Structure formats: structure tokens, C-alpha cells
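Subject: Structure handover

Hello,

The structure follows below. My notes on what was found in it come after.

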Amino acid sequence: MSKAWKELDLEGGGLQSVNARLAREMRTRPTAYAAWALFPLGLHRFYLREPLGAAGFLILSVATLVLAFLAPTGWWLAPMVAGLLWAGVDLWWIDRRVTDYNKELRKQVFLRKGNKPPQDYRGRYTSDEDAQRELTEYQKIKESEKPGQSGIAGSNDRNRDVGGKQRMPSFNEQEAMLRQMRSGKNDDTKND
């Protein structure tokens with residue numbers, strides 16, 4: 001299967017849009033380790049969105065070069081050894097950083113501003129009695145609904161959101177519309 005889905009954006013707030021964004025922005029271990037090969041430039045730190053660490057590698061590299069040309073013999077060894085030790089520690093650090101970065105990215109994407117909890121959400125129940133009462137009320141509502149009704153009392157229009165705005169059809173509804181369109185095209189060609 002091609003990776004064209006990563007470029008596709010239906011401009012909605014759905015899961016497909018979120019997954020496309022995550023696929024673009026998540027960091028991978030192989031790329032980070034490949035960038036580590038050029039650790040004097042700090043590329044692995046830049047890739048993992050750690051600009052201070054990347055700048056530290058650049059400063060150590062410049063200090064090593066300056067001391068190698070200007071200072072007496074041996075002075076350049078100190079920043080070079082420090083850079084090598086730091087690069088060695090980064091081999092261990094990269095794995096944790098990729099995991100932490102991707103986890104934070106997922107939290108930012110899934111919990112971004114504008115996402116609200118479901119209607120009538122009241123948080124955790126404070127007692128078992130409250131939970132039982134809510135469950136009983138919910139069961140009464142569900143038992144009074146007819147099959148095919150939406151969950152919103154008094155609403156017969158499935159494409160309307162609570163605020164009266166048009167909502168994006170669900171994946172299953174989109175599939176049903178596509179099947180209907182396809183069968184409609186076949187009927188038109190048979191009639192001709």
C-alpha cells in the first residue's frame with residue numbers, strides 16, 4: 001500500500017486528520033541514530049527538538065577546532081573528550097527522547113484546545129448511588145428510543161450537531177453514501 005494517505009487531509013477534526021498529522025510530525029529512532037553519526041553538528045538533537053543540546057554540541061565542536069589551531073598542544077583534547085562522552089550518553093538518551101517526544105506530541109494532538117468532553121459529562125462519580133442513579137436514567141432513555149434513532153432526544157436529523165451545525169458524517173455513513181452513489185450510477189447506465 002502506498003503512503004499517499006499521509007498526504008491526504010480531509011480537513012476535519014476526525015481521527016484520519018489526527019493520524020496524518022502524527023505521521024508527519026512523529027520522530028523515529030533510525031533517523032535519530034543516523035543523525036547521531038554527525039554528533040559534532042548536533043543534528044540528532046535538532047531532529048529531536050532539543051535546540052539547547054544541539055547548540056552545546058556546536059559550541060564544543062567550535063571550541064575544539066579553535067583550541068586545536070590557536071592553543072598549545074593538548075588543550076583541544078578537553079572539549080573533544082567532553083563531546084565524545086556526551087555523544088556516548090546520547091546513544092542511551094535518544095531512545096528515551098524519541099519515546100517522550102512522541103508521547104507528548106500525541107497528548108498535544110489528541111488533547112488540543114477546542115476538544116470538549118461529551119455533552120452532560122460530569123466527571124467521576126462521587127458515590128456508588130450517583131453512578132447507579134445515572135445508569136438507571138441512561139437505561140430508561142435507551143429503552144424508550146426506537147431503533148435507528150439518534151441518541152439526542154427530539155432530534156431526527158442525524159447530520160445535525162447539538163448546536164444545529166452540519167456535522168461530518170461518520171465513516172460508516174460515508175461508506176453507505178458511497179455505496180448508494182455507486183448503485184445509483186449503475187441504475188442510470190442500465191436505464192439508458
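A charge is taken to sit over a ring if NZ of Lys or CZ of Arg is within 6 Å of the ring centre and within 35 degrees of the ring normal. The charged end of Arg27 sits over the ring of Tyr47 in this way, 4.8 Å from its centre. Arg45 lies over the face of Trp93, at 3.8 Å from the ring centre.

This is a predicted model, so local features need pLDDT of at least 70 and side-chain atom pairs count only at pLDDT 80 or more, while totals for chains, interfaces and linings use all residues. Residues are numbered from 1 along each chain as its sequence is written, and side-chain values use heavy atoms, with hydrogens and water left out.

Helix 4

Helices are DSSP runs of H or I with at least four residues, numbered from the N terminus. Helix 4 covers residues 51–70, 20 residues in total. Its expected span (1.5 Å times one less than its number of residues) is 28 Å, and the end C-alpha atoms are 28 Å apart, which agrees.

Buried means under 20% relative accessible area, exposed over 50%, and partly exposed in between (1.4 Å probe, protein chains only). In helix 4 the buried residues are Gly53, Ala54, Gly56, Phe57, Leu60, Ser61 and Thr64. They fall within an arc of 160 degrees seen down the helix axis, so they line one face; the arc is that of the directions from the axis to the C-beta atoms. Pro51, Leu52, Ile59, Phe69 and Leu70 are exposed on the other side of helix 4. The cover over the buried residues includes helix 3 (43–47) and helix 5 (77–110).

Aromatic pairs

Rings of Phe, Tyr and Trp (its six-membered ring) pair if their centres lie within 6.5 Å; planes under 30 degrees apart count as stacked, over 60 as edge-to-face and the rest as tilted. The count comes to three aromatic pairs. One of them, Phe57 with Trp86, is stacked, at 4.2 Å centre to centre and 10 degrees between the planes. That pair links helix 4 to helix 5 across 29 residues. Phe57 is buried at 1% relative accessibility, whereas Trp86 is partly exposed at 26%. Ring pairs join Trp36, Phe39, Phe57 and Trp86 into a cluster.

Ile94 is in helix 5 and is buried, with a relative accessible area of 0%. Leaving aside neighbours within four places in sequence, Ile94 is in contact (heavy atoms within 4.5 Å) with Ala32, Tyr33, Trp36, His44 and Leu48.

Arg49, in the loop between helix 3 and helix 4, has a positive phi of about 55 degrees although it is not a glycine.

Regards

Key. Helix = DSSP H or I, 4+ residues; strand = E, 2+ residues; numbered from the N terminus.
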